[in-house]
Amino acid sequence: MSEQILAQPGLATENKNAEKARYSLEKARVAHERYLIRQNNQDLNEAIEFYIDAVKLDPTMPEAYYRLASLMFEQGQISLDTAIEQCKTAVSLAPKNMNAHMYTGFFMKMAEDFSSAEKEFKSAIQMGKLNSARPRLILSQAILQKINSKSANASDYLSFLYYFLSGTVMLAWDRPSIKMFCKSMSDDFSVFTYNTVGKFLEKFKLYPMAENIYKKAVLSTNHSDIFYDKMGDLALKNSELDMAVDCYRQVLEANPLNRDVLVKLATVLQTYFPENTDETIDCYEKLLSFDENKAQIYYELGHLYLKKEDKINSISAFKLAVEENPDNPFYNNSLAYAYSKAELYDDAIEHYKRAIELNPDGEWTSIVCQALGSIYGEVQGNFEAAVATYQAGIILDPNNYDIYLALGDIYMAQYDLDKAIKTYCDAITLNPEDYRGYSKCGIALWEKDFLEEALVSYHKAIELNPENEFAHNNLGILYLDGLMDAEEALEYFEEAIELNPSYTLAYFNAGRASQQMGFTNDAANYYQMAIDLNKITNDLDEEDIQTRLRSLFEV
């Protein structure tokens, strides 16, 4: 008995809340109707507030959910996905509520999920029976939208006619909706007509005429986004990139969550307008609101942040891509690269190893081995690990010229001249038209005291690339210090200076050659230039240059 008495206040509170909820719902309906007639934002805000109150007071009231979703979406307060979820909540609360299914289908139609929308509309039609004019007509609109946006078959046209005609007949029981649906269907027929004519003109490559049709459609219909999209595609086809971007932007002004156009705009900006990095990032971030292909989006964002030298965000984006798809070698490789840019080398090594382990392609994986080997050799000084990694890369791709050069450099760092010379020669055999192999081999041959061979190697390097100031300088050193031919050497030093007026070492060597030839003033000028440049470059020991400069004038 006492339990029954205690339960009464709780029951009374529930009844009171339910009564308040119904009152709020009625107030919301009135404000909603006023908004539909007057299109006044004050009515819109009032309707939203009352619907929210109704949901708070009675969370089991389905009508409040789907009507609130429609208004909040219209005001831009929620996304299309959230609106769909709100309507699904209404369906779960009242599975036999025709309007709940109809609103859910309506938002699914907007999201271009035509298959799911059709199921919801058919459920509403089955529940409404003779009062199903609205779901029938909206379903016919969805089918027409599907026909306009995608390739359609004969059954789509028949379905459209069936639901349109049956819905029109049943409007006799829903007279207030006749005017609204006639206006809406008239607009959709206009879209259909312009779309059909435009496609026909495009098929026969009458692009200027098709563009004019789409421009008229933008002004004549309430679906400018459809035709701006088509104009953008047409402009892109004709390589009118600025126009394509402007058209896609117009689409997104009307519908900021048009996934296909976000993808198009992001791709065009990333490919042809690399300076618009921020706008491209914004497109990809909006695409994250969809559930499709998030890993690829994070991957693209990572590269865009790298371009901005935003190391923290690039690492975060690539990490999210790897979390979405841990077995993607490309995501692991990019994350490793981002870590290396941030000087987080242990993390970089871990992900480079993972990318190599996944090994999607020998040629690509060989390049990853090269990146990992450079960290081992240049950063950590672990020459043994670097050599092993480079050799693994050569096995994966025996035609990787750069990895031979990198392996030769490691042998040079170890001062293993024989292996360095052999590796550089292997690189030259692989690609005899690349000057770098000859330049590097020339250094190793000179260190090994193979002067004649070193001269041949450097002459070949200059023949292949006359603009290489380093090869000119090094060849000058061979003539000066190897053959004691200061006159020949000076010509190469001067050529190196002409190619690079800020080349400190070339000035110093030109000073040495001039000094040997007895050209004191010239030598002094070259040494002084070397001193001045060295304050910026710090390539040489300034005291050594000063000593040589003073020695020119000693008696």
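Is Phe204 buried or exposed, and at what relative accessibility?

Author: This is a predicted model, in which local features need pLDDT of at least 70 and side-chain atom pairs count only at pLDDT 80 or more, whereas totals for chains, interfaces and linings use all residues. Residues are numbered from 1 along each chain as its sequence is written, and side-chain values use heavy atoms, with hydrogens and water left out. Phe204 counts as exposed, at 51% relative accessibility; buried means under 20% relative accessible area, exposed over 50%, and partly exposed in between (1.4 Å probe, protein chains only). Its place is the loop between helix 9 (178-203) and helix 10 (207-220); helices are DSSP runs of H or I with at least four residues, numbered from the N terminus. Together with Phe200, Leu206 and Met209, Phe204 makes a nonpolar surface patch of about 420 Å². Patches are made of residues with over 30% relative accessible area and no salt bridge, and nonpolar side chains (Val, Leu, Ile, Met, Phe, Trp, Tyr) are joined within 5 Å, like charges within 9 Å. A salt bridge is a side-chain nitrogen of Lys or Arg within 4 Å of a carboxyl oxygen of Asp or Glu. Accessible areas come from the Shrake-Rupley method with a 1.4 Å probe, and for residues only the protein chains shown count as cover.

A negative surface patch is also present, formed by Asp485, Glu487, Glu491, Glu494 and Asp522. Helix 26 (residues 486-499) gives the most to this negative patch, with three residues. Asp522 lies in helix 28 (residues 520-537) and is partly exposed, with a relative accessible area of 40%.

Definitions and conventions:
Lys and Arg count as positive and Asp and Glu as negative; His and the chain ends are not counted. The place of a charge is taken as NZ of Lys, CZ of Arg, CG of Asp or CD of Glu. Helices (H or I, at least four residues) and strands (E, at least two) are DSSP runs, numbered from the N terminus.
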